[in-house]
Amino acid sequence: AMPIHKLMESNPGAEPPRAKHFWRINFSRVEWRVKVLDNRYIKNTNFSEDNWVWSPQGLVQMHLPERWGFLQFSEQVPGSDTTIWNPEWSIRQVLASCHKAWDLGSRFYDCACAFKIGTFDLWEFDVVAEI
């Protein structure tokens, strides 16, 4: 269980979540392989780190909240409540993809004007439900 009251302490004006509310959230763990040398753990630089996340993001990049999973609050027994689907989610995902493509295009072409990235360069998102 998450101590919601502890999370709310850092934002005293916020309303605590209720049933049917949702948060975008992710949890991440970065783990390095180690070797033991003289009774000490030393990072093994022959390997890259292992990244573990609660919900797949498609990239090793924790700073993309538009790619985080949804935490739905409920008063029901886990697994017995219906999942919320908000029509805004698909629109937000498309807009985030367009923004990312525009950002990549403006960096590549060193300008902030033309949208020169093709449709196939847009990020892929899983569709949870049809609208």
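Student: Why is Lys-6 called partly exposed?

Tutor: Keep in mind throughout that this is a predicted model. The relative accessible area of Lys-6 is 49%, and since exposed requires over 50% and buried requires under 20%, Lys-6 falls in between and is therefore called partly exposed.

Student: What makes the pairing of Glu-9 with Lys-6 a salt bridge?

Tutor: The closest N and O atoms of Glu-9 and Lys-6 are 3.5 Å apart, and because a side-chain nitrogen of Lys within 4 Å of a carboxyl oxygen of Glu meets the definition, the pair is called a salt bridge. Both residues lie in helix α1 (residues 4-9), where a spacing of 3 residues is about one turn of the helix.

Student: How do you know that Arg-33 and Asp-50 form a salt bridge, and what does the pair tie together?

Tutor: The N to O distance between their side chains is 3.9 Å, which is set against a limit of 4 Å, so the pair of Arg-33 and Asp-50 qualifies as a salt bridge. Arg-33 lies in the loop between β2 and β3 (34-37), whereas Asp-50 lies in strand β5 (residues 50-53), so the pair ties together parts that are 17 residues apart in sequence. With relative accessibilities of 40% for Arg-33 and 29% for Asp-50, each counts as partly exposed. The structure holds 4 salt bridges, including one between Glu-15 and Arg-18, with the closest N and O atoms 2.3 Å apart.

Student: Why is Asn-26 called buried, and where does Asn-26 lie?

Tutor: Asn-26 has a relative accessibility of 9%, and because buried means under 20%, Asn-26 counts as buried. The residue is placed in the loop between β1 (22-25) and β2 (28-31). Leaving aside residues up to four places away in sequence, Asn-26 touches Val-53, Trp-54, Ser-55, Gln-57, Met-62 and Trp-68.

Notes. Residues numbered from 1 in each chain as written. Predicted model: local features only at pLDDT ≥ 70, side-chain atom pairs only at ≥ 80, totals over all residues. Heavy atoms only, no water. Helix = DSSP H or I, 4+ residues; strand = E, 2+ residues; numbered from the N terminus. Buried < 20%, exposed > 50% of the residue type's maximum accessible area, 1.4 Å probe, protein only. Contact = heavy atoms within 4.5 Å.
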